[in-house]
Amino acid sequence: MSELSRRDFLEATAAGLAASAAMPAVGMAAQSPAVVDSSAPRTALRVVVNGAQREAQVEDRTTLAELLRDHLHLTGTKIGCDRGECGACTVLLDGAPIYACSYLAVWTAGKSVETVEGLASGERLHPLQQAFIDHDAPQCGFCTSGQLMSAKALLAANPHPGPADVRAALSGNLCRCSNYNHYVESVVAAGGATPATVATEKRTPQQKSVGTPTPRIDGVSRVSGTATYVGDVRLPGMLFARVLRSPHPHARISRIQTDRALALPGVKAIVTHENCRVTWSSGDTRNTRYLFNNPVRFVGDAVAAVAATSAAAAEEALHLIEVAYEPLPFVLEAESALAPDAPVIQPGGNLSPNAAGKPEPETYRRGNVAEGLQSSDRVFEDHYSSSHVNNAQLERRVSVAAWEGDKLTVHASTQGISNCQRDLAADLKIPVERVRVVCQFMGGGFGNKNQCHDFDLMAAVLAKQAGTPVRLELTRKEDYVAVHGRWPTSQYYKVGVTRDGQLRAIQMRGYSGMGPYRKGSGGIAGTELYECPHVETIVHPIYTNTAVAANYRAPDYPQGVFGIESVMDDVANALQIDPLEFRLRNATKKYHDELPYTSYGLAECMRRGAEAFGWKERWRAPASDRGAIKRGVGMAMGSFQSRVGRSSAVVKLDSSGRYRVHVGVTDVGSGAKTTMALIAADALQVSLDRITVISGDTDRCPYSVGESGSRTTNFTGYAVIEAARDLQRQIKEKGLPSGDQVLIGSATPEPRIDGAARYSFAAHFVELEVDVELGRVRILRYVAAHDSGRIVNPLTAASQVKGGVTMGIGMALHERLHYDPKTGIPLNPGYYGARVMTHQDAPQVEVLFVETEDAFGPFGAKTLGEPPIIPSVAAVANAFFNATGRRIKDLPMSRERILDVLA
Amino acid sequence: MKAFANVNPRTMDEAVAMLARSRREGKRAVVSGGGSDLLGLIKERLVQPDVLVNLKTIGGLDRVTSERSHTRIGGLITLAALGRDPLIAKPFRVLAEAANSVGTPQIRNTGTLAGNVCQRPWCWYLRNGFPCYKNGGDKCFARGGENQFHAIFGTGPSYIVHPSDTAPALVALDASFRIAGPAGDRTVAARDFFVRPGDDAARENVLDTDEILAEIILPATPPNRRSTYEKVLDREAWTHALASAAVVLDMENGICRRARIVLGGVAPIPLDRPDAARLLEGQRLTPDLAAKAADAAVADARPLTKNAYKVPLTRALVRRTLAALVNRG
């Protein structure tokens with residue numbers, strides 16, 4: 001491919017965000033911070049917005065979404081993709097839903113626009129908004145405004161819609177938290193509902209506590225467009241930054257020329273590897289990774305960042321930076337990267353070193369697997385693979401950095417304010433007290449924002465250099481190629497078993513493609529689900545010239561469980577044992593057959609899930625149906641470590657009787673704020689409406705582990721209980737506070753578990769039909785049984801399970817980042833290309849909680865956020881096998897693969 | 001997004017004049033119907049206009065009018081309005097179904113019929129800026145590349161698939177297109193509107209730079225017509241067809257007198273299958289005959305390295321679509 005054509009891809013990559021490059025608005029519109037690009041044609045515009053006449057002068061290229069957000073400051077309308085692929089920007093134009101990102105502002109002249117801000121009448125919520133809160137429809141909330149507007153148009157045309165009507169009307173609105181079931185329920189409920197009468201965040205009913213289904217305490221902000229996400233933050237003098245990215249999968253940069261870009265009016269700062277040697281420590285746990293690396297090692301690797309007075313100027317400047325690349329050989333597949341003649345991506349070789357720094361695979365052994373296989377009656381050997389799948393949260397990653405003297409404040413869309421603060425301080429080499437990280441609302445993450453990210457650091461560096469605040473927002477395409485996704489794997493299995501179905505040996509050799517930097521573990525988990533005397537797993541995390549792979553919801557699990565649970569399904573079928581029976585017989589009883597579990601609900605999940613599902617009646621021999629439409633059922637197990645550990649909380653009581661709970665959570669959409677409030681209310685034995693949660697700000701909140709590893713409830717929730725107890729002790733000693741007195745309880749517990757393993761468990765059951773001529777898979781029934789100990793909030797917990805299952809189905813059937821093998825360029829970076837699950841794809845998921853008693857964690861609560869995705873991929877794959885008698889061993893089970901395997 | 005000027009013509013003549021004038025002044029001009037896909041292309045810098053001629057301000061071209069011998073549809077009608085128009089829903093059911101199947105409600109509320117017909121392909125090489133025929137280059141990267149979603153018919157040199165849902169329906173209905181241009185109007189049969197890559201790999205249709213698809217004319221529907229549009233997606237909504245079939249059957253006393261089978265999503269143009277249709281004509285429709293016609297419809301398929309699955313899929317789609325029409329009678 002010629003340099004010119006590479007540049008074309010680069011431009012396509014770089015193009016995108018065009019927010020707020022606009023004239024200061026006139027009339028009722030407040031001032032826009034952007035500086036005018038005088039050459040851009042402009043038009044004065046009158047439009048009715050939410051019933052009020054508005055005037056603005058906009059550049060002709062300004063989209064309606066930008067008009068609303070940047071000129072009229074109606075930031076309830078979100079931009080998730082800027083390409084009409086997600087629906088977050090849906091507004092009504094003369095009553096009809098449209099994508100505001102894909103409609104020019106000037107085209108709305110003389111028309112009427114309705115946004116989420118126009119739904120409520122004063123304090124009174126629209127019935128849809130109230131229904132959304134009551135049914136826990138919004139999780140992260142980033143898609144919610146769009147869902148509301150589509151639903152409003154539906155109710156206007158059809159006041160009493162059924163579920164199918166709702167799915168069709170909302171089919172153009174993605175929810176990556178995948179809480180589709182609750183959205184549909186809400187709209188159905190709102191059809192014919194009487195207007196809600198209550199409308200404040202303090203609406204929460206009295207006497208609610210742990211175990212009671214409780215609407216989110218911040219529900220009103222999530223349904224009214226008032227929740228402030230990082231992209232909604234506007235600071236005086238704020239610049240807009242963009243990143244120039246490598247169009248080559250591997251190349252040495254011989255020259256970067258920034259003069260022409262710097263000369264462009266409005267450009268204030270440019271950083272490249274030549275003038276910025278800041279490291280990004282959490283971007284690679286093995287090698288030194290800089291913000292800008294030379295050589296560049298994947299298509300999308302950062303080459304330069306520009307800050308300018310408008311996003312358009314920043315974008316334009318990217319095209320004026322001249323970069324001379326010397327292309328190097330590249331390799332895209334993990335196993336090929338281990339070949340002796342493969343291009344070397346990191347100095348130590350392409351096998352990423354283990355934690356001890358040695359270039360050796362991650363290995364686990366018990367018993368003697370060779371002997372185990374030898375002594376088996378039958379040995380099953382197979383290969384499975386999985387693809388790179390993106391987290392694809394609706395909120396594009398964004399950071400706003402501002403310096404006041406030597407103090408840095410970063411508004412970061414982060415899952416962990418404490419981690420982000422620590423990393424920023426370390427990489428910028430400043431004391432941690434001089435860094436403040438703020439994140440009030442977050443539009444989903446699913447693991448891709450556990451730590452500090454390069455764009456947080458770039459924003460800080462650019463802000464320092466320019467002497468004014470900087471916002472750096474990625475495009476959707478950048479989110480797909482330059483943040484990270486789940487690592488692709490190749491898995492080789494050998495399983496030995498006795499004639500009567502007793503496991504003797506499991507061997508798994510795996511290869512994980514990590515991209516060129518080691519940001520995640522590369523693990524392939526799942527064998528620990530089985531009791532077995534001889535086990536060996538050897539996993540090779542390997543550098544490749546592809547997008548970086550790291551944490552995505554249960555990082556090590558769904559791909560590995562897909563492999564092992566498919567193999568075990570084959571074993572059961574070959575031995576003519578009911579797969580449920582086989583699993584009940586062979587499932588883990590002790591962790592690694594050694595450590596007792598602190599609580600164990602796996603068998604119970606299987607039994608109760610099977611009963612609710614009707615497994616006995618529904619399970620038939622594989623390929624029982626003759627016609628073109630074949631029904632099948634499948635199941636799979638899952639487990640996930642439910643850790644405990646250090647976290648902090650502060651609980652304050654003042655004389656008004658209000659309790660303020662300070663916790664360093666950000667609430668990625670899981671409902672953590674509400675969970676913390678419920679735990680505090682229960683621990684303090686007060687009603688929920690007396691609790692205020694202060695979160696998402698390192699200046700106001702103590703250390704929290706961050707919303708990764710599904711640890712928030714277990715770590716920080718436990719700290720809340722301890723802090724509440726500390727406060728109670730003080731109340732006992734000093735009495736209730738009076739006047740200006742404030743009692744402050746605090747705790748930093750560091751609980752440990754010795755001699756036992758603490759795990760959450762799950763068993764999933766699915767019935768589907770396969771149209772073997774069209775390759776279409778339809779999920780007919782889905783039951784997810786989960787042991788996550790005590791459920792703190794069954795309402796938000798159900799949302800977590802339904803969402804995780806639906807994401808897993810998408811991973812099973814659709815999602816994969818495709819590469820052009822000749823150029824290493826990703827071909828489908830976005831929601832359209834990835835075929836992310838829509839309202840029309842999401843099945844109804846029945847959730848069943850097996851509440852085991854556990855001595856650890858807050859009130860015995862165990863992990864829940866990640867487990868739901870773990871068994872789902874395998875359960876779908878096994879049901880596909882049961883329906884067709886054929887097995888697809890490579891993810892995703894796309895149309896192409898389905899029809900090829902059935903041909 | 002690069003800066004451009006939006007201009008609002010009041011008439012089609014004015015729009016055409018604006019195009020011609022821009023070109024004379026050395027400016028790149030593009031026309032915009034609904035604009036949603038066009039804005040995406042502009043944001044990706046695949047299209048870089050100086051002037052955007054917004055057709056939404058032209059009056060009168062957003063409606064359906066019915067006369068004795070034909071029905072006229074303004075090219076600017078939105079897909080949503082077209083899909084629910086009573087003058088279309090019954091007599092031209094295949095078109096209504098096609099319009100209602102496009103994208104999402106949001107896309108149908110802005111997307112126009114003419115825009116849908118003239119839509120650029122969704123080939124991922126094209127959309128990612130590879131220098132292919134469609135991007136002004138001299139190569140098709142899908143050939144020998146990642147071609148899971150590409151054409152199974154045709155001999156290149158470009159292997160894009162035509163993405164429109166309404167185009168196969170219009171070809172099946174023997175529609176003709178009124179094209180406005182600097183030299184006045186011209187009318188082209190729908191089947192002649194689309195350009196095979198062998199004739200010109202850079203373009204998808206016969207529109208010249210200063211021309212605009214203004215109006216679609218449908219001949220009146222005879223009594224006893226059965227028609228339908230079916231498509232197969234690889235998720236349940238919001239993507240383009242892996243394969244689609246527009247079928248029109250004119251029946252008389254249980255005998256098929258005239259048949260049209262036009263495929264979408266499988267070739268660089270909406271692909272008429274006259275040989276398959278001919279098998280049906282003069283016959284009483286049966287499941288067996290439907291299967292034979294379906295076989296004939298894919299007989300000359302030439303899949304690429306990774307899209308052979310689309311052949312049986314298309315065959316099954318055609319067979320089932322025909323069978324459904326048999327049952328409807």
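**Notebook: a predicted two-chain model**

I began with chain B and counted its secondary structure: 13 helices and 13 strands.

**Entry 1: the overall form of chain B**

I looked up the radius of gyration next. I then took the box along the principal axes. The C-alpha atoms of chain B fill roughly 60 × 50 × 35 Å.

How many of the residues of chain B count as buried? I found 62% of the 329.

Last, I located the charges. Chain B has 45 positive and 34 negative charges, and their mean positions lie 3 Å apart.

**Entry 2: the overall form of chain A**

I turned to chain A and counted 24 helices and 31 strands. Its radius of gyration is 27 Å, close to the 29 Å from the globule rule for 903 residues, so chain A is as compact as a globular protein of that length. Along the principal axes, its C-alpha trace spans about 80 × 70 × 60 Å.

I repeated the burial count here. In chain A, 69% of the 903 residues count as buried. The accessible surface comes to about 27,800 Å², and 48% of this belongs to carbon and sulfur atoms.

For contacts in chain A with a separation of 6 or more, I asked what share comes from residues 24 or more positions apart. The share is 79%. The charges of chain A number 95 positive and 95 negative. Their mean positions are 1 Å apart.

How many disulfides does the whole structure hold? The search over all chains found zero. I wanted to see why, so I took two cysteines as examples and used the cut-off of 2.5 Å between sulfur atoms.

Cys701(A) came up in chain A. Its closest cysteine sulfur is in Cys439(A), 11 Å away, which is too far for a bond. Cys701(A) is buried, with a relative accessible area of 9%.

In chain B I took Cys118(B). The closest cysteine sulfur to its own is in Cys132(B), at 18 Å, again too far for a bond. Is Cys118(B) buried or partly exposed? Its relative accessibility is 21%, so it counts as partly exposed. The limit for buried is under 20%.

Where is Cys452(A) found? I placed it in the loop between β16 (435–438) and α13 (454–466) of chain A. Cys452(A) counts as buried, at 1% relative accessibility.

I listed what Cys452(A) touches, leaving out residues up to four places away in sequence. The list is Trp280(A), Ser282(A), Cys420(A), Asp423(A), Leu424(A) and Leu457(A). I also checked Thr414(A), which is 38 residues from Cys452(A) along the chain. Their C-alpha atoms are separated by 7.5 Å.

**Entry 3: helix α9 of chain A**

I ended with helix α9, residues 311–318 of chain A. Seven of its eight residues are buried, so the helix is largely enclosed by the rest of the structure. Which residues of α9(A) are the buried ones? I wrote down Ala311(A), Ala312(A), Ala313(A), Ala314(A), Glu315(A), Ala317(A) and Leu318(A).

Note on methods
Residues are numbered from 1 along each chain as its sequence is written. Chains are lettered from A and ligands numbered from 1 in the order in which they are written. This is a predicted model: local features need pLDDT of at least 70, side-chain atom pairs count only at pLDDT 80 or more; totals for chains, interfaces and linings use all residues. Side-chain values use heavy atoms; hydrogens and water are left out. Helices (H or I, at least four residues) and strands (E, at least two) are DSSP runs, numbered from the N terminus. The radius of gyration is taken over C-alpha atoms; the globule rule is 2.2 Å times the number of residues to the power 0.38. Buried means under 20% relative accessible area, exposed over 50%, partly exposed in between (1.4 Å probe, protein chains only). Contact means heavy atoms within 4.5 Å. Accessible areas come from the Shrake-Rupley method with a 1.4 Å probe; for residues, only the protein chains shown count as cover. Lys and Arg count as positive and Asp and Glu as negative; His and the chain ends are not counted. The place of a charge is taken as NZ of Lys, CZ of Arg, CG of Asp or CD of Glu.
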